[in-house]
Amino acid sequence: MKVIVTESIAQSGIDKLREKVEVDVRLKINREELLKVIGDYHGIVVRSATMVDRELFAAAKKLKVVGRAGNGIDNIDLDAATEAGVVVVNTPESNTVSAAEHTIGMLLASCRNTCRANNHLKSGKWDRSPFKGNELDGKTVGIIGLGRIGGLVASRLQAFNMRVIAYDPYIPDERFKILGAQKAEKLEDLLAEADVITVHTPKTEETIGMLGEREIGLMKDGVRLVNCARGGIIQEKALYNALKSGKVASAALDVFEQEPCPDNPLFELENTVVTPHLGADTFEAQNKVGINIAKQVLDALEGKLVTNAVNMPSLPDRDMEYLKPYMLLAEKLGRLYFQLEKRPISRVEIKYRGGIAEHKTGPLTLAYLKGLLEPVVKERVNYVNAKLLAKSRSIDVLESLDSTASEYTDLIEVKVSNGHGSFTMAGTLFGMREPRIVELNGYKIDMEPAPYMLLVRNEDKPGVIGCIGTIMGVAKINIATMRVSRNSKGGKALMVINVDGVIPKDVIEMVKKVDGITDVNFIKL
Ligand code: NAD
Ligand code: MLT
């Protein structure tokens, strides 16, 4: 497998990738060249400058994973990635401390004119009066976006004896309490009260330009602004005018509407402190980011579930360990339907029963759908796009949870409806590891999923099992296990025969001709 790295990441990350895949580090690659070569790669690792958009996905025929070495994913078209079945992974926790510390440093530099004073002194002039600043002590900081970085900034600024007010309509009140922040119900309330305002939201349709001329007009005269999140959340033109007029006393900016931007009217103003998107650039953060992104890219290339997938459910390592065998079971259950039925599906109902219902079951449903659709869709189907593909085929997927124990400690029950009726199946794990199918269309059975299996439906009468044994023996096909289930004595029976290899078509035809046999399917699980 081949991975291309288009922006600088720590050498430790590159080394980790090279343990398992071929890596091309192409830091200077331009867009045109990238579009030309991306078709050769199974993975791409980027930071914030490489646009990973629909056009790139269309050219990236082998791509399985996009590794975003960092946090923000505004340069990646997630819908296009999901449609292409490409998993997008990032490292949201690895650089938050660095970003929060940079925010504080920029704020202090901005309040104390540190950068201007530094330049002045280094140019050979000793002067103090032009650089008089303000303390943070006793002031109010307004934090917009109280997520990972906003939260760290809140707790750090309280150590400066600042009062914290925060605006974030998407988090529970509890988080404001834990962080000692007063909740602003409306953005306008925060704008009116804060002496310093710092933004920590992602760049979304809602947040682009969220602080413009109107909002700046509502702020206190002499307010100080910080943006170490994403360029464009504060409108640069409105900010420029407000810095010029003095309405905004100073601004500290690590990010810009266009990046890279070596030239910007804001740089000409004395009351701005600017850095070239340095928030995450510490040795510590880059080391963590590099190693984490390499691990996740490798996991995704090996088809494993990853801990920080952005466009599919991801799980902490502990939950992942627990769920892995259930995912395997769910995928095998999924593979049953189209090997036994040929009718299009209208609805899939999955019920998780027992202990499993107390865990995150989203990945199990994805695994079931992956197994279900793999044999019949042309598109590449994986955990990323399985739900989307089901939706595009008008299959309703319903999940329900029932934590009361059944006959089994844990049970995955599935009902597939197809317009003519329904098809049911259920599976569990024996000894927490071994998958077993325990119900198939009303037959109770103990069926061990195997690579080669013969499913026979027959009348429950003497001689049928013997005939099948003879046919297999003559054809030199070794039977590994055989299980029989019947719904009533003399009624219909289901026979599940695990064999050691592929059963040729003519042998299957012979089995079909045995008196009393109604249906025969050779399946692979
Ligand atoms: P996060 O997802 O943990 O937190 C973002 C918070 O913003 C969430 O709590 C969310 O509810 C809130 N939010 C979303 N829309 C909002 C809105 N309209 N109004 C108010 N709040 C809103 O993200 P994070 O890890 O804290 O990162 C914050 C920002 O910092 C992101 O933009 C990220 O890209 C950026 N970042 C920059 C650097 C850098 O080098 N400068 C480094 C890391 C992260
Ligand atoms: C991020 O979102 O992680 C930052 O923008 C930093 C980076 O891209 O390295």
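Predicted model: local features only at pLDDT ≥ 70, side-chain atom pairs only at ≥ 80, totals over all residues.
Residues are numbered from 1 along each chain as its sequence is written, chains are lettered from A and ligands numbered from 1 in the order in which they are written, and side-chain values use heavy atoms, with hydrogens and water left out.

Arg 230 also places a polar side-chain atom 2.7 Å from an oxygen atom of ligand 2, and for His 277 the corresponding distance is 2.6 Å. Taken alone, ligand 2 exposes 260 Å², of which the protein buries 92%, with areas from the Shrake-Rupley method and a 1.4 Å probe. Among the residues around the ligand are Arg 47, Ser 48, Arg 68 and Asn 71, where being around it requires a heavy atom within 4 Å.

Now to the sheet, in which 5 strands are arranged in the order 2-1-3-4-5, open and with parallel pairing; strands are DSSP runs of E with at least two residues, helices are runs of H or I with at least four, and both are numbered from the N terminus, while two strands pair if DSSP finds at least two bridges between them. Strand 2 (22–25) and strand 5 (87–90) stand at the edges with a single partner strand each, so one side of each is left without a neighbour in the sheet. Further in, strand 3 (residues 43–46) and strand 4 (residues 65–68) run parallel and are joined by 4 bridges, with Ile 44 opposite Val 66.

Lastly, the antiparallel part: 6 bridges join strand 15 (residues 410–417) to strand 16 (residues 422–430), and Ile 412 has Gly 427 as its bridge partner. These two strands form a hairpin with 4 residues between them, and Gly 419 in the turn has a positive phi of about 85°. Strand 16 is in turn joined by 6 bridges to strand 17 (residues 434–440), again antiparallel, and in that hairpin, with 3 residues between the strands, Gly 431 takes a positive phi near 60°.

How values were computed
Polar contact = N/O pair within 3.5 Å; in protein donor to acceptor, adjacent residues only side chain to side chain.
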